[in-house]
Every structure is written in C-alpha cells, then in structure tokens.
Amino acid sequence: VLRRVEADTYWCAGKVLGWTQDHFVNGLEGVHGIGVRVAALLEAVDAELADHLMDSGVMVSQSTFQWHYCLLCRELPPAHALRLWDTYLSIGAGFTDFHIYVSLAIILHLKPMLM
C-alpha cells in the first residue's frame with residue numbers, strides 16, 4: 001500500500017509542478033501576474049475596498065504574493081490546504097483561474113477587518 005501512495009503522491013506533485021512551472025521561472029512573472037489579476041478582479045468586484053487598500057498604501061498584487069507562491073499552504077490549516085489542493089488537482093492545468101477566485105474570496109471575507 002505504501003508504495004502505491006508514494007507513487008500517487010509523486011505523480012500528483014509532478015503534475016502540480018508541471019502546471020506551475022511558468023510561475024517560478026524568469027523573475028516569477030507568473031506569480032506576479034496572478035497578483036495583478038487578483039487586484040484587477042478586486043477592482044471590478046469591490047471598487048470601494050480596492051480604493052481603500054490603494055489609499056492605505058496596500059498593493060494587493062504584492063500583499064498576496066505569498067498566497068500565490070505557496071498556493072495558500074502557509075495561510076490555511078493543513079486540512080483546508082489539502083482539500084484546496086485536491087480541488088486544484090481535480091481541475092487540472094486551469095487551476096490558476098480558480099486560485100485567483102479563491103484569493104479574491106479570502107480578501108472579500110476579510111473586508112470588515114480591512115476597512
């Protein structure tokens with residue numbers, strides 16, 4: 001059983017690394033691009049919050065960098081991070097779009113504390 005789990009784990013890790021490869025090369029442009037997309041989506045969905053953060057000197061694209069770099073594994077309890085990563089794996093190569101919406105949902109959830 002342990003050999004199958006090891007093989008499955010290796011396969012899953014290889015898939016995620018393959019999907020995110022462009023995020024971690026050439027100056028981390030992929031990770032920065034995700035942050036820019038989150039900031040643009042926040043502006044479209046909640047301009048009041050986006051303006052408040054900007055006026056406060058908070059750059060959403062920079063403030064969420066670690067979220068995108070670590071795919072939220074540092075911000076969430078392990079059980080939640082595993083569930084989220086399971087969803088990423090089930091979505092496949094397009095999981096970055098889903099990750100952007102998850103990031104936006106976290107920001108919107110934190111709105112009362114941010115305002």
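**Reading the core of a predicted helical chain**

Q: Which residues have the most contacts inside the largest nonpolar core?

A: This is a predicted model. A nonpolar core is read as a set of buried nonpolar residues joined through side-chain atoms within 4.5 Å. Here the largest such core has 19 residues, and Val 38, Leu 42, Val 60, Leu 72, Tyr 88 and Ile 107 have the most contacts inside it.

Q: Which elements give two or more residues to this core?

A: Helix 2 (29-45), helix 3 (47-55), helix 6 (78-91) and helix 7 (95-109) do. Helix 7 gives the most, with 5 residues.

Q: What does Tyr 88 touch, not counting residues up to four places away in sequence?

A: With those neighbours set aside, Tyr 88 touches Trp 19, Leu 71, Leu 72, Phe 95, Phe 98 and His 99. Of these partners, Leu 72 is also among the core residues with the most contacts.

Q: How many helices and strands does the chain have?

A: The count is 8 helices and 0 strands. In sequence order the pattern is α-α-α-α-α-α-α-α.

Q: What share of the contacts with a separation of 6 or more comes from residues 24 or more positions apart?

A: Such pairs make up 66% of those contacts. As for burial, 30% of the 115 residues count as buried. The C-alpha atoms fill a box of roughly 55 × 30 × 20 Å along the principal axes.

Q: How many positive and negative side chains are there, and how far apart do the centres of the two sets lie?

A: There are 7 positive and 12 negative side chains, with the two centres 14 Å apart. The chain exposes about 7500 Å², of which carbon and sulfur atoms supply 62%.

Key. Residues are numbered from 1 along each chain as its sequence is written. This is a predicted model: local features need pLDDT of at least 70, side-chain atom pairs count only at pLDDT 80 or more; totals for chains, interfaces and linings use all residues. Side-chain values use heavy atoms; hydrogens and water are left out. Buried means under 20% relative accessible area, exposed over 50%, partly exposed in between (1.4 Å probe, protein chains only). Helices (H or I, at least four residues) and strands (E, at least two) are DSSP runs, numbered from the N terminus. Contact means heavy atoms within 4.5 Å. Accessible areas come from the Shrake-Rupley method with a 1.4 Å probe; for residues, only the protein chains shown count as cover. Lys and Arg count as positive and Asp and Glu as negative; His and the chain ends are not counted. The place of a charge is taken as NZ of Lys, CZ of Arg, CG of Asp or CD of Glu.
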